[in-house]
Amino acid sequence: MITQKIFKNIILTQLALIFTLFAIVIADESVNPADEDLSFSLIEIVSLIIGFIYFISLFMLFKLKPIGKKLFVSTIVLGIVIILFEAVDYSYYTPVISALENLLCVVDGVILATLYFTSIKEKFD
């Protein structure tokens, strides 16, 4: 049985993984060369907005607010849709970055499963 403490630790783990990924991507110059054009496309702007809403949803989940569940599921679905339209060159990704992204997806799945299939779901009704 997953308790509130375990659920909150899962969310904190997700945040730690996100910040670790950001730190590694910023430090790795092969991912973002200095001579690259830094203008944003429409898809990237929408992705940034969805990312901001994702952080809000994690905060709401941490506080056990019902709106957090709706925001979290919405951002996951919108994130999947955005991935379908975003042209990403994966040749820049290092194995560490790929592994961290995969871990982020796994933890998202754990959070979703926890929200719908454990006793925590009663907190969000």
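The legends below describe close-up views of aromatic rings in a predicted model. Residues are numbered from 1 along each chain as its sequence is written, and side-chain values use heavy atoms, without hydrogens and water. Local features need pLDDT of at least 70 and side-chain atom pairs count only at pLDDT 80 or more, whereas totals for chains, interfaces and linings use all residues.

**View 1. Phe7 and Phe124 form an edge-to-face aromatic pair.** The search of the whole structure finds four aromatic pairs (ring centres of Phe, Tyr or the six-membered ring of Trp within 6.5 Å; planes under 30 degrees apart are stacked, over 60 edge-to-face, the rest tilted). In this one, the centres are 6.0 Å apart and the planes lie at 70 degrees. Phe7 belongs to helix α1 (residues 4-27) and Phe124 to the segment after α4 (95-117), 117 residues apart; helices are DSSP runs of H or I, at least four residues, numbered from the N terminus. Phe7 is buried at 0% relative accessible area, and Phe124 is buried at 5% (buried, under 20%; exposed, over 50%; partly exposed, in between; 1.4 Å probe, protein chains only).

**View 2. Phe19 and Phe55 form a stacked pair.** Their centres are 6.1 Å apart, with 20 degrees between the planes. The pair joins helix α1, which holds Phe19, to helix α2 (residues 42-62), which holds Phe55. Phe55 is partly exposed, at 28% relative accessibility. Ring pairs link Phe19, Phe55, Tyr54 and Phe72 into a cluster.

**View 3. Lys8 and Lys69 place charged ends over rings.** The charged end of Lys8 sits 5.1 Å from the ring centre of Phe62, and that of Lys69 sits 4.2 Å from the ring centre of Tyr116. A charge sits over a ring if NZ of Lys or CZ of Arg is within 6 Å of the ring centre and within 35 degrees of the ring normal.

Note on methods:
Helix = DSSP H or I, 4+ residues; strand = E, 2+ residues; numbered from the N terminus.
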